[in-house]
Amino acid sequence: MSIVRWARGKSPWYFHYETGSCNGCAIEVFALQTPLYDLERFGIMNTGNPKHADLLLVTGCVGYRSGRVLRNLYHQMPGPKAVVAIGVCALTGGIFHDCYNLAPGADKVIPVDVYVPGCAPWPEAMIDGILLAAEKLRGAPVARDRRRLVEEEEPPAGGAGEEGKA
Amino acid sequence: MIPDVTQVGVEQLLTVVQGLAEEGCRLVSITGVDAGDAFELLYHFDRELRLTHLRVRLPKGQELPSISRIYFCAFVPENELQDFFGIRVANPVIDYGGHMLLARESPETPLVKRERPEGAER
Amino acid sequence: MPGQSVIPFGPQHPVFPEPLQLRLVMKEERVLEAVPALGYMHRGLEKLAETKDYAQNVFLMERVCGICSFMHSLCYCQALEDLMGIEVPPRARYLRTIWAELGRLQSHHLWLGLLADAFGFESLFMECWKNREIVMDLCEATTGNRVIISGNAVGGCRRDLEPSVLKEIGRRMDDLERGLDRVAPVFQDDPLIKQRTVGTGIITREEVIRLGAVGPVLRASGVAQDMRQLGYAAYGELDFRPVVETGGDSYSRLMARLGETYQAIDLVRQALRRIPEGEVLPKVKGRPEGEAVSRVEQPRGELLYYVRATGKPQLDRVRVRTPTLSNIPPLVRMLEGCRLSDVPVIALSIDSCVSCTER
């Protein structure tokens with residue numbers, strides 16, 4: 001593989017967006033950076049800016065409003081990129097799948113590469129999922145290609161925060 | 001089972017709430033319940049760790065006077081009532097127009113009880 | 001209006017772990033008005049709770065919020081126990097107290113870390129979260145899960161703890177206190193932290209009640225009100241006095257939470273000393289009927305559940321009033337007149353939990 005591809009999987013930066021569930025998973029994603037789990041030992045770092053990111057970590061069930069924000073953030077990320085859905089809510093909606101305000105699963109909104117189940121998943125499982133996604137950045141066929149939504153889809157008009165005018 | 005509940009008419013609501021505010025009560029929340037032909041609203045107030053309640057029966061379709069000029073914080077539960085029950089609240093301090101929590105695509109007035117067909121209960 | 005601009009703060013912002021938006025109406029560097037825009041995390045949980053039966057709802061209520069999950073199920077179970085006239089066995093009440101205080105410990109450590117992170121004080125953030133792992137380990141050791149610990153059932157607790165486990169909790173509390181002793185002086189005395197928190201986001205004692213503030217926000221403005229004074233679970237039998245600060249600024253809120261962290265360690269120790277023997281989960285019969293209100297003190301403040309039942313297994317209405325919902329109006333007032341650069345720290349100082357708020 002080319003040196004660029006090889007390097008890509010070495011130090012991916014992730015960007016985390018909580019789409020709205022109990023945020024137990026979101027806090028566990030935070031805990032990944034801290035001394036016990038220390039994701040930085042793999043060269044993986046958190047960034048607050050989607051344009052700096054290679055990986056998108058999604059936690060929580062996707063509601064209508066947050067779905068728009070999520071799609072917007074995804075389209076702002078430069079390629080190649082991979083998406084890790086963390087927690088059963090991001091996978092299928094989990095206990096909330098019957099709620100009226102939700103699309104069941106993040107993969108209804110953006111393409112997801114790695115699924116990490118659990119409520120909340122163990123931090124070790126999350127690390128495993130993130131490393132799988134890093135492999136994918138190198139071009140390894142680790143996950144079945146589930147890109148139901150085309151990459152070229154136009155991002156929605158307006159900024160991330162145009163919804164919900166007071 | 002709830003102690004200390006006072007039944008209050010819609011028209012006296014503002015006067016009673018003004019009185020509670022002057023006594024230094026803290027507004028805890030407003031709970032709405034769909035009771036068939038009317039909405040039952042329960043105003044929870046806290047006075048030195050004791051709860052006091054006002055119960056208001058609001059016929060469906062009638063406008064609710066806003067207490068947010070007395071208690072600024074009431075704008076949150078009042079907007080919730082607008083979202084969840086479609087209750088029209090007269091001029092709250094901040095008005096989200098029924099879309100504080102609900103998005104454009106969300107179903108309207110989700111907590112209003114819809115007629116269920118006979119025997120569909122679970 | 002000329003000279004004014006509106007800056008949307010959020011929904012995705014590095015200081016918030018969750019999406020919350022504040023629309024800031026600015027005149028140069030000053031905030032004239034802040035309008036919260038919510039709804040990014042709304043699920044519709046109150047509706048879902050009407051379709052499941054009352055015992056299943058315990059699992060749903062645990063997932064209102066992942067940080068204070070135990071308090072939500074506790075408050076819900078208390079409302080139902082009140083409705084159905086169930087006497088909770090003493091051992092279960094003590095276990096509930098222990099788990100509730102462990103929840104408070106991890107939540108306050110989390111918040112202290114996030115605050116340090118908002119200053120850019122990375123090493124302090126790491127230190128707080130390292131201490132927090134002690135509590136997370138205890139949650140895992142006592143229940144098998146780190147986040148959603150699922151300890152409650154209507155009538156009591158789902159599991160009992162072995163004496164050896166209780167002893168271990170006591171031992172780890174010593175570790176935790178040592179760890180906290182290392183970070184507490186930094187929060188108290190560090191000049192940089194003081195510069196950013198002292199005198200910002202002030203809210204006075206008179207305003208704070210009118211604005212309906214709860215929890216540490218209320219107590220940091222000098223109001224000694226804590227739902228644990230009601231004596232639910234085993235709090236009535238423990239030595240407890242609310243932690244009160246009088247400054248009303250971000251620093252007082254920080255000190256109130258720091259004080260409560262020490263207090264939580266103390267409460268766990270007291271509960272461990274006094275826990276009686278006995279059963280933890282009695283048989284529950286009957287169906288709930290009537291209405292009940294239950295309140296507990298969450299890490300963020302007063303949590304209120306209103307439950308109405310009509311004698312069917314499903315409940316007629318479950319209302320969840322979470323503390324952040326009450327702390328948003330005070331936040332709006334705190335932000336008026338502050339500088340844009342102070343907004344992140346002030347916004348963080350109410351310890352908002354959006355997933356609770358929007359349910």
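In the predicted model described here, chain B has a mean pLDDT of 82, and 93% of its residues reach 70 or more, pLDDT being the predictor's confidence in each residue on a scale from 0 to 100. Over residues 117–122 of chain B, however, the pLDDT is below 50, and beyond near neighbours in sequence this stretch has 6 contacts in the model, a contact meaning heavy atoms within 4.5 Å. Because the model is predicted, local features need pLDDT of at least 70 and side-chain atom pairs count only at pLDDT 80 or more, whereas totals for chains, interfaces and linings use all residues. Residues are numbered from 1 along each chain as its sequence is written, chains are lettered from A and ligands numbered from 1 in the order in which they are written, and side-chain values use heavy atoms, with hydrogens and water left out.

Chain A has 5 helices and 7 strands, assigned as DSSP runs numbered from the N terminus (helices H or I with at least four residues, strands E with at least two). Read along the sequence, these elements follow the pattern α-β-α-β-β-β-α-β-α-β-β-α. Of the 166 residues of chain A, 54% count as buried, where buried means under 20% relative accessible area, exposed means over 50%, and partly exposed lies in between (1.4 Å probe, protein chains only). Among the contacts in chain A with a separation of 6 or more, 82% are accounted for by residues 24 or more positions apart. The chain exposes about 6700 Å², of which carbon and sulfur atoms supply 55%; accessible areas come from the Shrake-Rupley method with a 1.4 Å probe, and for residues only the protein chains shown count as cover. A nonpolar surface patch of about 340 Å² is made by A:I3, A:V4 and A:W6, patches being made of residues with over 30% relative accessible area and no salt bridge, with like charges joined within 9 Å and nonpolar side chains (Val, Leu, Ile, Met, Phe, Trp, Tyr) within 5 Å. Of these residues, A:W6 lies in helix α1 (residues 3–8) of chain A and is partly exposed, with a relative accessible area of 42%.

Chain C contains 13 helices and 8 strands, and its C-alpha trace spans about 65 × 45 × 35 Å along the principal axes. For 359 residues, a compact globule would have a radius of gyration near 21 Å, and the 20 Å of chain C agrees with this; the radius is taken over C-alpha atoms, and the globule rule is 2.2 Å times the number of residues to the power 0.38. In this chain 69% of the 359 residues count as buried, and residues 24 or more positions apart account for 70% of the contacts with a separation of 6 or more. Chain C exposes about 11300 Å², with carbon and sulfur atoms supplying 49% of it.

Leaving aside neighbours within four places in sequence, C:R210 is in contact with B:A21, B:E22, B:I70, B:Y71, B:F72 and B:C73. Within chain C, C:R210 and C:P329 are 119 residues apart in sequence, while their C-alpha atoms are 9.9 Å apart in space.

Side chains of opposite charge can pair when their charged atoms come close. A search of the whole structure finds 44 salt bridges over all chains, each defined as a side-chain nitrogen of Lys or Arg within 4 Å of a carboxyl oxygen of Asp or Glu. In chain B, B:K60 forms a salt bridge with B:D34, the closest N and O atoms being 2.9 Å apart. This pair links distant parts of the chain, with B:K60 in the loop between β4 (50–59) and β5 (64–65) and B:D34 in strand β2 (residues 26–35), 26 residues apart. B:K60 counts as partly exposed at 36% relative accessibility, whereas B:D34 is buried at 6%.

In chain C, the salt bridge between C:R91 and C:D160 has its closest N and O atoms 2.7 Å apart. Because C:R91 lies in helix α4 (residues 90–119) and C:D160 in the loop between β5 (156–157) and α6 (163–189), the pair ties together parts that are 69 residues apart in sequence. C:R91 is buried, with a relative accessible area of 4%, while C:D160 is partly exposed at 40%.
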